[in-house]
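Here is a short report on one protein chain. Please read it alongside the sequence and the 3D view.

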Amino acid sequence: MRKLERNMATLLESKVLRARVYCPICTRTVEADVVSLDRGWNRKMRVAEGQKCPRCSAALDAAYVLDVVGNLNG
Ligand SMILES: [Zn+2]
């Protein structure tokens, strides 16, 4: 028997982190909330949706995550 429920639970287990991200529009490093999708073998970081660059007001969806600053969820 295969346990599909286990895979779904892993996908839902995302953490919100504070990180420094690189804005490709104004080429500056700014702080933003990022979501960490921890799948064990592949830890992927994405900028949380709906955020804007404080410098140029561009959407940060395409920004690169550089460094994690802290954990918002403790
Ligand atoms: Zn920017």
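Where is the place of Tyr22? Tyr22 sits in strand β1. Helices (H or I, at least four residues) and strands (E, at least two) are DSSP runs, numbered from the N terminus.

The model is predicted: local features need pLDDT of at least 70, side-chain atom pairs count only at pLDDT 80 or more, and totals for chains, interfaces and linings use all residues. Residue numbers start from 1 along each chain as its sequence is written.

The protein chain has one helix and four strands. From the N terminus, their order is α-β-β-β-β. Of its 74 residues, 11% are buried. A residue is buried with 20 or more other C-beta atoms within 10 Å of its own, exposed with 12 or fewer, and partly exposed in between; C-beta atoms are placed from the backbone.

Tyr22 counts as partly exposed because it has 15 C-beta neighbours inside 10 Å. The C-alpha atoms of Tyr22 and Ala62 are separated by 9.0 Å, at 40 residues apart along the chain.

Contacts (C-beta atoms, placed from the backbone, within 7 Å) are listed below, leaving aside neighbours within four places in sequence.

| Residue | Contacts |
|---|---|
| Ala32 | Ala19, Val21, Val47, Gln51, Leu60, Ala63 |
| Tyr22 | Thr29, Ala63, Tyr64, Leu66 |

Conventions. Two residues are in contact if their C-beta atoms, placed from the backbone, lie within 7 Å.
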